[in-house]
Amino acid sequence: MGINTAHEMGHKREDLERWLSKVTLAQTLYGHFYIEHNCGHHVRVSTPEDPASARFGESFWMFLPRSVFGSLRSAWELEKTRMQRLGKSPWNIENDVLNAWLMSVVLFGALTAVFGWRVLPFLIIQAAYGASLLESVNFLEHYGLLRQKTSSGRYERCAPVHSWNSDHIVTNVFLYHLQRHSDHHANPVRRYQTLRSMDGAPNLPSGYATLIGLTYLPPLWRRLMDHRVIEHYDGDITRVNIDPRQRDKVLARYGAC
């Protein structure tokens, strides 16, 4: 819930909300998400270049390290580039990756000072589990979806067809309408209360609360979702974002020449 709150605030223009987004991410040691999600994922979403867009045939356990380390690397490169444009070293407090991580150091240090070293295992476990929940949501939001390349060689603009959606009421209430994900990508600064269901957007068979657990079980996830991805592309497997490690097997199974 903290990460999702940070996600909502991190997209806003007000300095206070953006600062509070990093404060909220401090508990899970995921402050770099503030940069990578806004400046990386929203630019590269549903392309093979995006570490946070899951590929068809990729299990959650294959996706997890790719997304975690890919997002870390991307966030650092984005801030390093921004610092260079400002004529500054990346190793300074204005680097939003470093100042976000510093908030985690301060928080964990303060809690350790108050409760002693015995609090550290709890802090590490809750941070790891919180991050895994975030990555599970990342996994299901764009699984197998691919922006096609235009004649210029650039990817087409992100459209409603590039995000999985759900209108299940309870999880939408608890997750700030995050499941209306196509509208979020089309209008990232739009406040969650006004996010809409969009025509043409593919729909998940259930809400995030049900599907998060299924992402941990690859055979069940693939049985539930693979045929939906294929149907979304009218049976044309060549239009799907396929995991390169599984490409030959996937193409053989679904009849692509």
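**Why those labels? A chat about a predicted model**

Modeller: This is a predicted model, and in it Thr24 counts as buried, with a relative accessibility of 18%.

Colleague: Why does 18% count as buried for Thr24?

Modeller: Buried means under 20% relative accessible area, and Thr24 comes in at 18%, so the label applies. Thr24 belongs to helix α2, residues 15–25. Setting aside neighbours within four places in sequence, Thr24 is in contact with Gly2, Ala6 and Met9.

Colleague: And what makes Met103 buried?

Modeller: The cut-off is under 20%; Met103 has a relative accessible area of 18%, so Met103 is buried too. Met103 lies in helix α5, residues 96–115.

Colleague: Which residues is Met103 in contact with, leaving aside neighbours within four places in sequence?

Modeller: Trp19, Lys22, Val23 and Ala26. Take Ala26: it is 77 residues from Met103 in sequence, yet their C-alpha atoms are 5.7 Å apart in space.

Colleague: Lys22 again. How do you know that its charged end sits over the ring of Tyr34?

Modeller: For a Lys, NZ has to be within 6 Å of the ring centre and within 35 degrees of the ring normal. The charged end of Lys22 is 5.3 Å from the centre of the Tyr34 ring, and it does sit over that ring. Arg222 does likewise with Phe56, lying over its face at 5.9 Å from the ring centre.

Colleague: What makes α3 and α4 roughly perpendicular?

Modeller: Helix α3 (residues 33–44) and helix α4 (residues 60–85) pack at about 100°, axes 9 Å apart. That angle falls in the 65 to 115 range, so they are roughly perpendicular to each other. Ile35, Glu36, Cys39, Gly40 and Arg44 of α3 meet Ser71, Ser74, Ala75, Leu78 and Glu79 of α4. The class count here is four nonpolar, three polar and three charged.

Definitions and conventions. Residues numbered from 1 in each chain as written. Predicted model: local features only at pLDDT ≥ 70, side-chain atom pairs only at ≥ 80, totals over all residues. Heavy atoms only, no water. Helix = DSSP H or I, 4+ residues; strand = E, 2+ residues; numbered from the N terminus. Buried < 20%, exposed > 50% of the residue type's maximum accessible area, 1.4 Å probe, protein only. Contact = heavy atoms within 4.5 Å. Axes fitted to C-alpha atoms, helices over the stretch in contact; angles between N-to-C directions. Parallel < 35°, antiparallel > 145°, perpendicular 65-115°, else oblique. Nonpolar A, V, L, I, M, F, W, Y, C, P; charged D, E, K, R; others polar.
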